[in-house]
Amino acid sequence: MKIAVFPGDGIGTEVTREAVRVLEALPLPGLTLFEGDVGAAGYRRHGHPLPPETLAMAQSCDAILFGAVGDPSCDGLERHLRPEQAVLGLRAELGLFANLRPATTFAGLEGMSALKPEIASQIDMLIVRELNGDVYFGDKGMRTTADGRREGWDMMSYAEDEVRRIAHVGFRAAQGRKGRLTSVDKANVLETSQLWRDVMTETSTQYPDVTLDHLYVDNAAMQMVRAPGQFDVIVTGNLFGDILSDQASMCVGSIGLLASASMGERMTEYGTFGLYEPIHGSAPDIAGQGIANPMATILSAAMMLRHSFGREAEAARIERAVSHALKDGIYSSDLGGVLGTAAIGDAVLERL
Ligand code: NAI
Ligand code: MG
């Protein structure tokens, strides 16, 4: 089990260290960790945020555990040398087209949500966002028309195979959960969405154990705040997913608790290759103080064991340890507590 660990910058290095301790404490025969430089750390040591040796390491491993990139000292650099290019480069080079973002309210943390506690307590959903298509990758431009008006455009397009491959990710995820898949689109207005809806419906015949329904994105945004308990798995395109997944993350509370997976089609001898990272960034405002919450990264490592290594038992063990720690009031600064990064790691390890 070869895992590439890319801690990156700021709190990325601090939180990744704790996730590595958790992985090393589990009975995972053949576990081998390799460490590579990305982000500002990559730029400082190798002159590039995604050095060729780092990319080669990623390609030779079965999964990537990623911390965060971003460093204010790089603000003056040209765009292609900025730390953030590391994560974009890995997504592109490794064909990671499916972004999985679970949002679950942990027991005892209902009061941290932006929603009413009794509504927040119902939340247990997974957003599956398409990551390589849509309006972000279509033809785009800006021009001035003959009569002097500026005009900008971004072409939204999806090909049916792009929709089908993310549909399968959504249906399989729903099979492993409560068997409900909600496809979010804007089929009343957009042709891309009509294609999206048709392909979702066609694909559903292969998954008779999953209930598929469709929601327009505006209604989905409203429902997520009104009654988020109705959602199990949501599958949606790049643009709608970008917005809805940020909305979902704030429905459950702290940014220091939310994990993510980015996956593609590449298979290893253990499962699907993927990149696993907390949804937060490098948090320069608290970097170096040892107070960042490592739970999002620890939970990302659990997702890695589940999705890239088929190690459901160990994944669930990590998740139970984290949720017990939270029940016991093990809180870092983002949750209004005083415990530091290493102390949180210790508390999770004890419960593991
Ligand atoms: P951020 O997520 O780094 O921080 C936002 C706020 O949340 C800060 O006040 C921070 O202290 C707090 N926070 C974040 N994670 C925390 C944790 N684990 N425990 C406790 N508090 C936590 O977002 P921001 O400030 O917008 O970006 C900082 C840098 O990170 C930028 O350079 C940005 O480009 C980069 N970034 C990188 C990402 C990645 O590597 N995938 C994702 C998001 C941002
Ligand atoms: Mg976003």
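**Entry 1. Ligand 1**

Which residues come nearest to ligand 1? I looked this up in a predicted model, in which local features need pLDDT of at least 70 and side-chain atom pairs count only at pLDDT 80 or more, whereas totals for chains, interfaces and linings use all residues. Residues are numbered from 1 along each chain as its sequence is written, and chains are lettered from A and ligands numbered from 1 in the order in which they are written.

I noted 23 residues around ligand 1, of which Gly70, Gly256, His280, Gly281 and Asn293 come nearest. A residue is near a molecule if its C-beta atom, placed from the backbone, lies within 6 Å of it. I then sorted this shell by class and recorded 11 nonpolar, eight polar and four charged residues. Here Ala, Val, Leu, Ile, Met, Phe, Trp, Tyr, Cys and Pro count as nonpolar, Asp, Glu, Lys and Arg as charged, and the others, Gly among them, as polar.

**Entry 2. Domains**

I took the domain bounds from an automatic or database domain assignment. The assignment gives domain 1 as 1–103 + 264–352 and domain 2 as 124–251. I noted 26 Å between the C-alpha centres of the two domains. In contact across the boundary are 11 residues of domain 1 and 17 residues of domain 2; contact requires C-beta atoms, placed from the backbone, within 7 Å of each other. On the side of domain 1 that touches domain 2, strand β4 gives the most, with six residues. By class, I recorded seven nonpolar, one polar and three charged residues on that side. Helices (H or I, at least four residues) and strands (E, at least two) are DSSP runs, numbered from the N terminus.

**Entry 3. Largest nonpolar core**

The core has 103 residues, and Ile64, Val128, Tyr276, Ile298 and Ala301 touch the most other members. Helix α10 (residues 295–309) supplies the largest share, 10 residues. Both domain 1 and domain 2 give residues to this core, so it lies between them. For Ile64, leaving aside neighbours within four places in sequence, I listed contacts with Ala4, Phe6, Ala58, Leu275 and Tyr276.

**Entry 4. Annotated binding sites**

I read in an unreviewed UniProt entry that "binding site" covers Arg91, Arg101, Arg129 and Asp218. These residues are spread over 128 residues of sequence and, in space, up to 28.0 Å between C-alpha atoms. The UniProt positions follow the numbering used here, feature names are shortened, and annotations may be inferred rather than shown by experiment.

Beyond four places in sequence, its contacts include Ile127, Arg129 and Ser245.

I found Arg129 in strand β5 (residues 124–130). Arg129 is also buried, with 28 C-beta neighbours inside 10 Å. Its contacts beyond four places in sequence include Arg101, Asp242 and Ser245.

The unreviewed entry also places "binding site" at Asp218, Asp242 and Asp246. I located Asp242 in helix α9 (residues 238–251), and Asp246 is in helix α9 as well. Asp242 counts as partly exposed, with 17 C-beta neighbours inside 10 Å, whereas Asp246 is exposed, with 12.

Terms used:
A nonpolar core is a set of buried Ala, Val, Leu, Ile, Met, Phe, Trp, Tyr and Cys residues joined through C-beta atoms within 7 Å. A residue is buried if 20 or more other C-beta atoms lie within 10 Å of its own, exposed if 12 or fewer, and partly exposed in between; C-beta atoms are placed from the backbone. Two residues are in contact if their C-beta atoms, placed from the backbone, lie within 7 Å.
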